[in-house]
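Have the sequence and the 3D view open side by side.

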Amino acid sequence: MRVVRVHESYHRVPKGLTAKDEDRLATAAVASLRAQGYHVACDADFDTDDRPASYPPSSASVAHLASRVRAATTTDETAAALTELAAPHDGVLAAIEEVLTATACFYDGLGEPSDPHIARRLRYLADEVLRTIRTDLSDTRNQLADRHAPHPGRSTCAQEVPANERERSAVCACPPPPRTLPTPPPPVAVGLRR
C-alpha cells in the first residue's frame, strides 16, 4: 500500500497479513525491484535470485516507433514503422479502437442520463476520427513504401574515413548533407500613414 506524506512517500504492507504473507510479499518486492534494475539491500530472509518477467508499458512500444522514424534513413524504414501503427488487425490504432469500443459498451450499461451520450461520442471517435487517422497514415505509409528512396538529409554514416585517407582524423567518406536555405520571415503588414 502506498503511503504519501508531505516530505516522503513509501510503500508498506496492508494490515491484517500473516507473518508468512508479509515475508512472501517482501521477497516478491525485492525480486520485482531487482528485475527492474534497482540495487536492493535487504535482510537475508528476503534475498532472492528470482526475477519475475517484466514487460514495458504499451506506450514504450509506441514511443519506440517514433524513435525508429527519427532514426530512419530510407522511406522503407519509415514505412515499416508506420505499418506497425496503422495495421488494420494488429496495429496500435486497431488496439485503440478496441479500447474505445469496449469503453463505449461499458458506458451503455451504467444508467446515468449522460452515459448514452458518452458512449455515442466514444463510438464516433472509434468509427470516424480514428478511421480518418488510420486512412491518412496508411496512405502516407503506402506512398513512402512505393518510393524506395534514401532520405536526402539523413545518412547511415558510421563516421569512418576512407582507408586511403592519410589524415585519419579528417572527414568521413559520406557526402555532406544538402544545404537548406533559411525560411524568410513573414512579410510585415504595412498600413497607410496619415
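What follows is a short tour of helix packing and ring geometry. Keep in mind that this is a predicted model.

Two packed helices are described by the angle between their axes and the distance between the axes. Start with helix α2, residues 58-71. The axes of α2 and α3 come within 8 Å and cross at roughly 165°. An angle over 145 degrees counts as roughly antiparallel, so α2 and α3 are roughly antiparallel to each other. Their crossing is left-handed. On the α2 side, the contact uses Leu65, Arg68, Val69 and Ala71. On the α3 side, Glu77, Thr78, Ala80, Ala81, Glu84 and Leu85 take part. By class, this contact has 6 nonpolar, 1 polar and 3 charged residues.

Now follow α3, residues 75-86, to its packing with helix α5, residues 115-147. Here the angle is about 155°, and the axes lie 8 Å apart. That makes α3 roughly antiparallel to α5. The crossing of α3 past α5 is left-handed. From α3, the contact draws on Thr75, Asp76, Thr78, Ala79, Leu82, Thr83, Leu85 and Ala86. From α5 come Arg134, Leu137, Ser138, Thr140, Arg141, Leu144, Ala145 and Arg147. The classes here are 7 nonpolar, 5 polar and 4 charged.

Helix α5 also packs with helix α4, residues 92-108. The angle is about 170°, with the axes 8 Å apart. These two helices are therefore roughly antiparallel as well. α4 brings Leu93, Ala94, Ile96, Glu97, Leu100, Thr101, Thr103, Ala104, Cys105, Tyr107 and Asp108 to the contact. They meet α5 residues that include Asp115, Ile118, Ala119, Leu122, Arg123 and Leu125. Arg134 and Leu137 of α5 are also among the residues that meet α4. The contact of α4 with α5 divides into 15 nonpolar, 2 polar and 6 charged residues.

Last, the rings. How many aromatic pairs does the structure hold? There is 1. Phenylalanine 106 pairs with tyrosine 107. A pair of aromatic rings is described by the distance of the centres and the angle of the planes. In this pair the centres are 6.4 Å apart and the planes stand at 90°. Planes over 60 degrees apart count as edge-to-face, so this pair is edge-to-face. Is phenylalanine 106 buried or exposed? Its relative accessible area is 54%. The cut-off for exposed is over 50%, so phenylalanine 106 is exposed. Tyrosine 107, at 25% relative accessibility, counts as partly exposed.

Notes: Residues are numbered from 1 along each chain as its sequence is written. This is a predicted model: local features need pLDDT of at least 70, side-chain atom pairs count only at pLDDT 80 or more; totals for chains, interfaces and linings use all residues. Side-chain values use heavy atoms; hydrogens and water are left out. Axes are lines fitted to C-alpha atoms, for helices over the stretch in contact, and angles run from 0 to 180 degrees between N-to-C directions. Helices (H or I, at least four residues) and strands (E, at least two) are DSSP runs, numbered from the N terminus. Angles under 35 degrees count as roughly parallel, over 145 as roughly antiparallel, 65 to 115 as roughly perpendicular and the rest as oblique. A crossing is left-handed if the near helix is turned anticlockwise from the far one by less than a right angle, and right-handed if clockwise. Contact means heavy atoms within 4.5 Å. Ala, Val, Leu, Ile, Met, Phe, Trp, Tyr, Cys and Pro count as nonpolar, Asp, Glu, Lys and Arg as charged, and the others, Gly among them, as polar. Rings of Phe, Tyr and Trp (its six-membered ring) pair if their centres lie within 6.5 Å; planes under 30 degrees apart count as stacked, over 60 as edge-to-face and the rest as tilted. Buried means under 20% relative accessible area, exposed over 50%, partly exposed in between (1.4 Å probe, protein chains only).
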